[in-house]
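We will go from stop to stop, picking residues and looking at what surrounds them.

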Amino acid sequence: MPRSLARGLAWGTVSSSIPAAPVDEIADAAPLSLCAREPYVPADRLVAEMVPPPRFDSVRFSTYLPDPNQPSQTEAVGVLEGFAGGLGGAHAVGGGKRGFFGFGRARAAKAPAGPRGVYLDGGYGVGKTHLLASLWHATPAEPALKAFGTFVELTNLVGALGFQKTVQTLSGHRLLCIDEFELDDPGDTVLVSTLLGKLVDAGVALAATSNTLPGKLGEGRFAAADFLREIQGLSAHFRTLRIDGEDYRHRGLPQAPAPYSDEQVTKTAYATPGASLDDFPHLLEHLAKVHPSRYGALTDGLKAVCLTEVRPIPDQSTALRLVVLADRLYDREVPVLASGLPFDQLFSEEMLNGGYRKKYFRAISRLTALARDARRLVEPR
């Protein structure tokens, strides 16, 4: 099933306050602008689009390359292959195929005892999303009976469909994969804990990734007691697989390229069909106007993102929005060409030492990889 949001996607156009820098006429059309996009994604497409993103569309267990110095990586592959093989046959509770909103299901049977999920815990860049997508591909069920999405996409689905309809919709699935399982406020904690509990009761198998153990997701964040109280019950649904290792994006690779000049970035944007060009501070302001669940649609169809005047993030709310955008760009393999400060200077020391530090390190890692990919747009062929 294609990931593209082109079908059923409406665009609201807003005026951009960012004038294009004067350049020679080197392209037939001016670059696109993220700041001129306000995407709207209809609710009836949200479930259909819950599949692995383009970067992970072709990954499989056989393409995962475990670090020979990290036996936990090899062990995780074996456990997940066995888990996928055990999901064959009829649905654990209802059996058979259901309608889009879960109506017409077969007579329910008793749900199996014990954990109904696996939880991949480890640092950024050890291949958790690769393994999660491989599990989705390896599970012997048609795509309509499997769902793959980020935590924010799952919470947005509940917001669009309502809680009960979301339960009805997903309870007919064989498998639900949740990438980057992060709980940022007590409301989402209760919501997702309740939702997954009902899905487990319906026989849905679960798989999730995160940078933190299930029992410690709330550490270092506000209302930690609320997080820990809710997660204690939720963590019982999962078998935890610890995946050790260093960020694979940095294994034997050169350092990220230094930022380019404003002129280089602008000229490249004009010379690259499908590229966007935005001033970084204005882009940060625009992200506050678009729900993070729509950031994937915000980048739909882009071949490159060009940013001028990259500077440090002013506050944590803005930083968290940028993290989501970085994830969506990385999922879609969109190179990022930038001027200003290098990406490893985006976040303050206070942010990098705080409760969301793993999110920020992941964003730096992914933006660095995309900046490396963007060199081909500038360097002579």
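This is a predicted model: local features need pLDDT of at least 70, side-chain atom pairs count only at pLDDT 80 or more; totals for chains, interfaces and linings use all residues.

**Stop 1**

Is Glu180 buried or exposed? Glu180 has a relative accessible area of 9%, so it counts as buried, the cut-off being under 20%.

Next, select Glu333. This residue lies in the loop between helix H10 (316-331) and strand E10 (336-340). Phi of Glu333 is also positive, near 55°. The surface shows another picture here. Glu333 has a relative accessible area of 43%, so it is partly exposed.

**Stop 1: helices H1 and H2**

Select residues 71-85 for helix H1 and residues 128-138 for helix H2. Their axes come within 9 Å and cross at roughly 25°. What does that angle make of the pair? Angles under 35 degrees count as roughly parallel, so H1 and H2 are roughly parallel to each other. Their crossing is right-handed.

Now show the side chains where the two helices touch. On H1, pick Ala76, Val77, Leu80, Phe83 and Ala84. On H2, pick Leu131, Leu135 and Ala138. Colour them by class. The contact has eight nonpolar residues, with no polar and no charged ones.

**Stop 3**

Follow the chain on from H2. Select Pro143, in the loop between H2 and strand E4 (146-150). Pro143 has 36% relative accessibility, so it counts as partly exposed. Pro143 and Arg174 are 31 residues apart along the chain. How far apart are their C-alpha atoms? Draw a distance line: the separation is 9.7 Å.

**Stop 2: helices H8 and H10**

Select residues 280-287 for helix H8, and bring back H10. These two helices pack at an angle of about 95°, with their axes 10 Å apart. That angle makes H8 roughly perpendicular to H10.

Show the side chains that meet. From H8, take Phe280, Leu283, Leu284 and Leu287. From H10, take Thr318, Arg321, Leu322 and Leu325. Colour this contact by class too. It has six nonpolar residues, one polar and one charged. Look for Thr318 as the polar one and Arg321 as the charged one.

**Stop 3: a threonine in H7**

Select Thr268, in helix H7 (residues 262-271). Thr268 is buried, with a relative accessible area of 8%. What does Thr268 contact, leaving aside its neighbours within four places in sequence? Pick Leu337, Leu377 and Val378 to see those contacts.

**Stop 4: cysteines**

Finish with Cys177 and Cys306. Cys177 has 0% relative accessibility, so it counts as buried. Cys306 is buried as well, at 0% relative accessibility. How many disulfides does a search of the whole structure find? The search finds zero.

How values were computed
Residues are numbered from 1 along each chain as its sequence is written. Side-chain values use heavy atoms; hydrogens and water are left out. Helices (H or I, at least four residues) and strands (E, at least two) are DSSP runs, numbered from the N terminus. Buried means under 20% relative accessible area, exposed over 50%, partly exposed in between (1.4 Å probe, protein chains only). Contact means heavy atoms within 4.5 Å. Axes are lines fitted to C-alpha atoms, for helices over the stretch in contact, and angles run from 0 to 180 degrees between N-to-C directions. Angles under 35 degrees count as roughly parallel, over 145 as roughly antiparallel, 65 to 115 as roughly perpendicular and the rest as oblique. A crossing is left-handed if the near helix is turned anticlockwise from the far one by less than a right angle, and right-handed if clockwise. A disulfide is a pair of cysteine sulfur atoms within 2.5 Å.
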